[in-house]
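Please go through the following briefing with the sequence and the model open.

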Amino acid sequence: MRAAATSRLAGALPLPFKAQRRRTAKAPVAMSAAPSGRPTAKTIKEATQPQAGEPKPAPAAAPAAKPAPAAEAPTAAAPAAAADPATATPAPAASTSAPAAPAAPAPAPDAPGPAPAAPEAKPATDAPAAAAQEGQKPGPQKLDAAALTVEAGEPSLLGASPSPDPAVPGVNFALWAANATSVTLCLHDWEDTPILEAPMQRTGDVWHAFVAGLPQSHVLYGYKVDGQGGWEGPFRWDKSKILLDPYAKYVKGRAVFGKRDDFEQFQTKEGSVFRGTFDFESEPFDWGEGYARPNIPLQDLVIAELPVRLFTAAESSGLPEGQRGTYAGVAAKVEHFKELGINAVELLPVFEYDELEFQRSANPRDHMVNVWGYSHLNFFAPMSRFGSDGAGPLAAAREFKQMVKTLHEAGIEVIVDVVYNHTVEGADDDPYLLSWRGIDCQAYYQQDPAAYTRLLNYSGCGNTVNANHPATLQQIVASLRWWVEEYHVDGFRFDLAPCLCRDEHGAVMSNPPLIRAITKDPVLSKVKLISEPWDIGAYMVGSFPNWDIWAEWNGKYRDDVRRFLRGDGGLKSEFATRLAGSADLYNTNKRKPYHSINFVIAHDGFTLADLVAYNEKHNDANGEGNRDGTNDNFSWNCGVEGPTDNPAVQALRGRQMRNLHLALMLSQGTPMLLIGDEYGQSRQGNNNYYGHDTALTHYHWDQLEEAKQNGWFRFYSELIKLRREHPLLGRAEFLSEQDVTWHEDRWDDPESRFLAFTLHDRGQGGGSLYAAFNAHSFEVRITLPAAALRPEVVPRVDPVYCIQPYSSILLIAKDQDWAPAP
């Protein structure tokens, strides 16, 4: 039933925000009482009365007229009761600025009363001057509860949304919380001082309120949610906690990456404060005249995986301190990307997250800072501390857009690594209550009803998002569309994607509603969709639900290429299959070789230099006794573990790095590499370095200059450019017998560790390609293809060529008559 209901959801029409009459909240609105001893609870009237020694306020301005009823009034109906969460079917997002809430009958309005006057504009305060130059209005206004009126509002758009009627300025708030019994809206000023709390009204499964007179930016908000039942069941209510709106478009937390401040109000175990905010008054970002997205076909991409924080955090980046480790830092290095030859960056997670989550309490990892970001606390807001100079979430969002614009102008696409499989909120044994968990734990997280610790953990991070619940599905789809339409990203890599194929109890679904909804979405179906097709318990390489448009990280490619080139026996056929595009995995239905994202190195695991320098992981610095990180590295240290001055070992490692990179660039499919391997970065054998914001993990720009002097960067980058430019590489179709000749007659010999082949130029241009890989510990003598022996093609080449141990060659024909040797 859920799959069927979600299918209807995916095809439903979005609901517009209706400018209907609103009814004033019946109950007086209370001021919030902050734990730190901030203002005590009072009604608005009491809170705004002059105190002893204070002057009386001036009389209020004449009330503004109420808006006229909408052109299309809703069908009259009684107020909706709470719906069963199993049958809730919220509609898809109405727009990228505010997703549509579940349709429900509107309650009959009370007799309309006068609306308050719009608050007097206050002077701007301490926002950076640069923000105004970028179109962002400088400074928050002073908030006055007396100038605000809370009304019923509308359930149609989840999150915060502006009034559609200029005559009644304000902000509407709507929260889906099907199992809650009460929801309270909490408004704070920009420094997090409480301004007011107001009970929200319910329509169907959505709680809503409209605050007339509320400024259009620099306001913080959240919700207190309560309900029935507790830890003995599926819910985790805590009505004392102000929860982050899952639909908040911006999130304010500590200002500077990794540095605690007063705003976050950190408490041991409880963690830090993160508040939602909005901006409805800044000028739209100027993408520029003539701007266009690159729209590069997947088959033509060369992707570089890149962690924003680590890329420019080092002083050697040459950037001002406030720009290091930021979106601006990435944009500043666009010339490096062009010189390297890549045309897409895959950013490690850039949604808001708590980089100090490991430091909430004493534990073996409390010295670590999360630099990778696989621990979201919101799906819509850019990571604010990847913005420059601690300028805050609004400035960071514009800086992200400027980064995307800069990269697009250089012909470089932006793919974002997204983590919808789990959140920062942890497991029941160490919960971090921030948002979803306290709003509706049953709807948002997969659970085992028979277990004491109910939350399932297919992510390995304490919880697993219940992605195929209709409300969660709607939220994820709305988030993806927001990033495409608002931030102009070109695609997504879905972390631990099989988690998104599981039902509420963790069973893998053959036709997961979320994946289908993404695939059928008119916006999302046109961007790059890449799955990491494994989680804890499911391995879906080649079988991830794909509808012929999803690509996959090909883990089998990584493993087979590593193993063959380090000299493992019995892998010749597998190695050839991976070079040819993994037809055994992807040549089904309408899938293509480019649906295989080929990689040898990724962020989680050894770097390229460490892959040839370490047999074992060395993760002691992580605090878990070297137990974390994978043991299946398929690496080879070439005779010495770790750094060495032995010139023979150094030379062998250099050859192995070249072999691995050549294999990746010659393979059919879409290649992905890790930024930093172009200079031979090392993590000293740490294959799980997610928590180190130090020289161990930072990109070292001085070492890049050394690599440009010793020839490694030239080799690395020139092969990337060959991969992009040569017509025989990066094909749209699988190889036929006429396209390739395998110079091989020992396929079944498990001792054979040599492979040679020719890709034939059949009119495509560029010249035929001959490549050979020798993974033996001894040299192999071969006869080169006939055309290669002609003096005008390759002068003074002996017909018999000796390929040295652990080495490879690539020859490019200069005529169209190249034929393989008999």
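**Cysteines, barrel and helices**

The disulfide count is 0, where a disulfide is a pair of cysteine sulfur atoms within 2.5 Å. The model is predicted, with local features needing pLDDT of at least 70 and side-chain atom pairs counting only at pLDDT 80 or more, while totals for chains, interfaces and linings use all residues. Residues are numbered from 1 along each chain as its sequence is written, and side-chain values use heavy atoms, leaving out hydrogens and water.

- Cys499 takes part in no disulfide, and the nearest cysteine sulfur, that of Cys501, is 8.9 Å away.
- Cys499 is buried, with a relative accessible area of 0%; buried means under 20% relative accessible area, exposed over 50% and partly exposed in between, with a 1.4 Å probe and protein chains only.
- Cys441 also counts as buried, at 1% relative accessibility.

**Barrel**

- A barrel is closed by 8 strands in the order S11-S12-S13-S14-S15-S18-S19-S20, with parallel pairing.
- On average, neighbouring strands of this sheet are turned by 25 degrees against each other, direction ignored.
- Strands are DSSP runs (E, at least two residues) and helices are DSSP runs (H or I, at least four), numbered from the N terminus; two strands pair if DSSP finds at least two bridges between them.
- Strand S11 (residues 303-306) and strand S20 (residues 670-674) run parallel and are joined by 3 bridges.
- Glu305 has Leu674 as its bridge partner in S20.
- Helix H7 (residues 393-409) packs on the sheet, where it touches strand S12 (344-347) and strand S13 (413-418); contact means heavy atoms within 4.5 Å.
- The direction of H7 makes about 135 degrees with that of S13, using axes fitted to C-alpha atoms, for helices over the stretch in contact, and angles from 0 to 180 degrees between N-to-C directions.

**Helix H11**

- The 12 residues of H11 (residues 555-566) should span 16 Å at 1.5 Å a residue, and the end C-alpha atoms are 17 Å apart, which agrees; the expected span is 1.5 Å times one less than the number of residues.
- Of the 12 residues of H11, 9 are buried, among them Tyr557, Arg558, Asp559 and Phe564.
- At the start of H11, a side-chain oxygen of Asn554 comes to within 3.2 Å of the backbone nitrogen of Lys556.
- Gly567 follows H11 and has a positive phi, near 110 degrees.

**Helix H15**

- H15 (residues 647-666) has 20 residues and reaches 29 Å from its first C-alpha to its last, close to the 28 Å expected.
- Because 14 of its 20 residues are buried, H15 is largely enclosed by the rest of the structure.
- Asn646 caps the N-terminal end of H15, with a side-chain oxygen 2.9 Å from the backbone nitrogen of Ala648.

Technical notes
A polar contact is a pair of N or O atoms within 3.5 Å; within protein, one must be able to donate a hydrogen and the other to accept it, and residues adjacent in sequence count only if both atoms are side-chain atoms.
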